[in-house]
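Welcome, and thanks for taking a look at this one with me.

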Amino acid sequence: MSAEGFAVADTCFLIDWASWRRRDVIFRLFRTVFVPEMVLREVRSEGTVEWIADHLATGELSLLTETPDVVSAAWELVERSRRLPIRGVDLPEAVCLAVGRARGYTVLTENRGALMLADLLPELEGVVVWRSLELIAAAVRRNVLSGDPREIFAEYELDTGHRFPRRDLEVVLRELGGEAREVEEA
């Protein structure tokens, strides 16, 4: 876990994640998931808003008020992303990256631009960025989720309408399968 089990989530992640029947598994991996105010303002789905509100009330989700230094750092990331040959990052995703860098929180996103930016910029080196793919894989590895990983990922895709990149999914499934065989053989 990063920074004492804290994460910060962006809009695209929350919208997809809130649709999954096992969505509350996130709180077995992270003590608190922070939701920046500008991310919250983007959420329109009634189901997502309700899930967020319920978990803000329990403290499992926590509202993050963006400070001027975080917003300034985020704007720099937005501008840098627009100069690179990648999908640009918008301010809410950049806020999550800036918070992840400053606080050591895991950044939860489905935004490809944010994933690529974290890989390309030296100042984001060490920032952990997870999609739902990596979060589910971590839950399986830590025995927070049990069952056939292929079925768990298929269930997520069915519930959310989010399709994992096939190549990435196959890599994760091989890793999870390899770990299972190693445990059985030991």
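Here are some numbered points to walk through.

1. Some ground rules. This is a predicted model, in which local features need pLDDT of at least 70, side-chain atom pairs count only at pLDDT 80 or more, and totals for chains, interfaces and linings use all residues. Residues are numbered from 1 along each chain as its sequence is written, and side-chain values use heavy atoms, with hydrogens and water left out.

2. Start with helix H8, residues 132-141 (helices, H or I, of at least four residues and strands, E, of at least two are DSSP runs numbered from the N terminus). The rest of the structure largely encloses H8, because 9 of its 10 residues are buried (buried means under 20% relative accessible area, exposed over 50%, partly exposed in between, with a 1.4 Å probe and protein chains only). Among the buried residues are Ser 132, Glu 134 and Ala 138.

3. Ser 132 lies in H8 and has a relative accessible area of 0%. Its neighbours include Phe 13, Trp 17, Tyr 156 and His 162, leaving aside residues up to four places away in sequence (contact means heavy atoms within 4.5 Å). The side chains of Ser 132 and Glu 110 make a polar contact at 2.6 Å (a pair of N or O atoms within 3.5 Å; within protein, one must be able to donate a hydrogen and the other to accept it, and residues adjacent in sequence count only if both atoms are side-chain atoms).

4. Beyond H8, have a look at Asn 143, which sits in the loop between H8 and helix H9 (149-160). Asn 143 is exposed, with a relative accessible area of 64%. Its phi is near 60°, a positive value in a residue other than glycine. For context, most residues other than glycine have a negative phi.

5. Thr 160 belongs to H9 and counts as buried at 16% relative accessibility. Thr 160 and Ser 19 are 141 residues apart in sequence, yet their C-alpha atoms are 5.3 Å apart in space. Thr 160 touches Asp 16, Ser 19 and Trp 20, again not counting residues up to four places away in sequence. The Thr 160 side chain reaches the backbone oxygen of Tyr 156 at 2.7 Å, and a polar atom of that side chain lies 3.0 Å from the backbone nitrogen of His 162.

6. Which residues line the second largest pocket? They are Glu 110, Arg 112, Leu 115, Arg 131, Leu 133, His 162, Arg 163, Phe 164, Pro 165 and Asp 168. (On a 1 Å grid over the protein atoms alone, a pocket is an open set of points where a 1.4 Å probe fits, with protein on both sides within 12 Å along at least five of seven lines; lining residues have an atom within 4 Å of a point.) The lining divides into 4 nonpolar, 1 polar and 5 charged residues; Asp, Glu, Lys and Arg count as charged, Ala, Val, Leu, Ile, Met, Phe, Trp, Tyr, Cys and Pro as nonpolar, and the others, Gly among them, as polar.

7. Cys 12 is partly exposed at 25% relative accessibility, whereas Cys 96 is buried at 1%.
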